[in-house]
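Here is a short report on a predicted model.

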Amino acid sequence: AGLRKLVRLEGQGGPGQLNDVGTLLSDAEVTPLWARLEGGQPVVLISVEHSPDYPALRRAFDALSGGVRIQEDLEMASLVGCGIGDDPDHLQRLLALVDQLKLPILSIDAAALRLSLLLPAGNLDLALEGLHRCFIEERV
């Protein structure tokens, strides 16, 4: 599965800023793809396509106390399936594929039902073709 037009928001105001980000997202009726703390800072990933008024939300992000770093126009390639993230061999195969294709990954997200790569724009098609070849055409 692939997603385009994603935005990664990284707060600079500490853990408490995550609540402020959550309020902004709730007010804008936007459900994040994920929200977490990294190094004590809030990090949220949203889809522009699922944001009713992204320009207004962007202005609200820019006005957040403590400051934010915003990365726009990101893409995510995901491998989804029951137990896909439970097998360490699957993660190793994914990492080998990233290395083989020289994909410029920004982050990897692993969960029981999903392995995802966050990528700069322009890399989604190559990543999806590689995932399909590695995990679908070859035996999982």
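## Cysteines

The model has zero disulfides. The cut-off for a disulfide is a sulfur pair within 2.5 Å. Cys134 is likewise in no disulfide, with the sulfur of Cys82 as its nearest cysteine sulfur.

Are these two cysteines buried or exposed? Cys82 is exposed, at a relative accessible area of 81%. Cys134 counts as buried, because its relative accessibility is 11% and the limit for buried is under 20%.

## Strand β3: cover on both faces

Strand β3 spans residues 41-47. Seven of its seven residues are buried. One side carries Gln41, Val43, Leu45 and Ser47. The other carries Pro42, Val44 and Ile46. Both faces are covered.

## Strand β3: its partners

β3 pairs with strand β1, residues 2-11, in the antiparallel sense. Five bridges make up that pairing. Within it, Leu9 stands opposite Val44. Val44 is also one of the buried residues of β3.

Strand β2, residues 34-38, runs antiparallel to β3 too, joined to it by five bridges. Here Arg36 has Val43 as its bridge partner. Val43 is buried, on the side of β3 that also holds Leu45.

## The β2-β3 turn

β2 and β3 form a hairpin. How many residues lie between the two strands? There are two. Gly39 sits in this turn and has a positive phi of about 60 degrees.

Terms used: Residues numbered from 1 in each chain as written. Predicted model: local features only at pLDDT ≥ 70, side-chain atom pairs only at ≥ 80, totals over all residues. Heavy atoms only, no water. Buried < 20%, exposed > 50% of the residue type's maximum accessible area, 1.4 Å probe, protein only. Helix = DSSP H or I, 4+ residues; strand = E, 2+ residues; numbered from the N terminus. Pairing = 2+ DSSP bridges.
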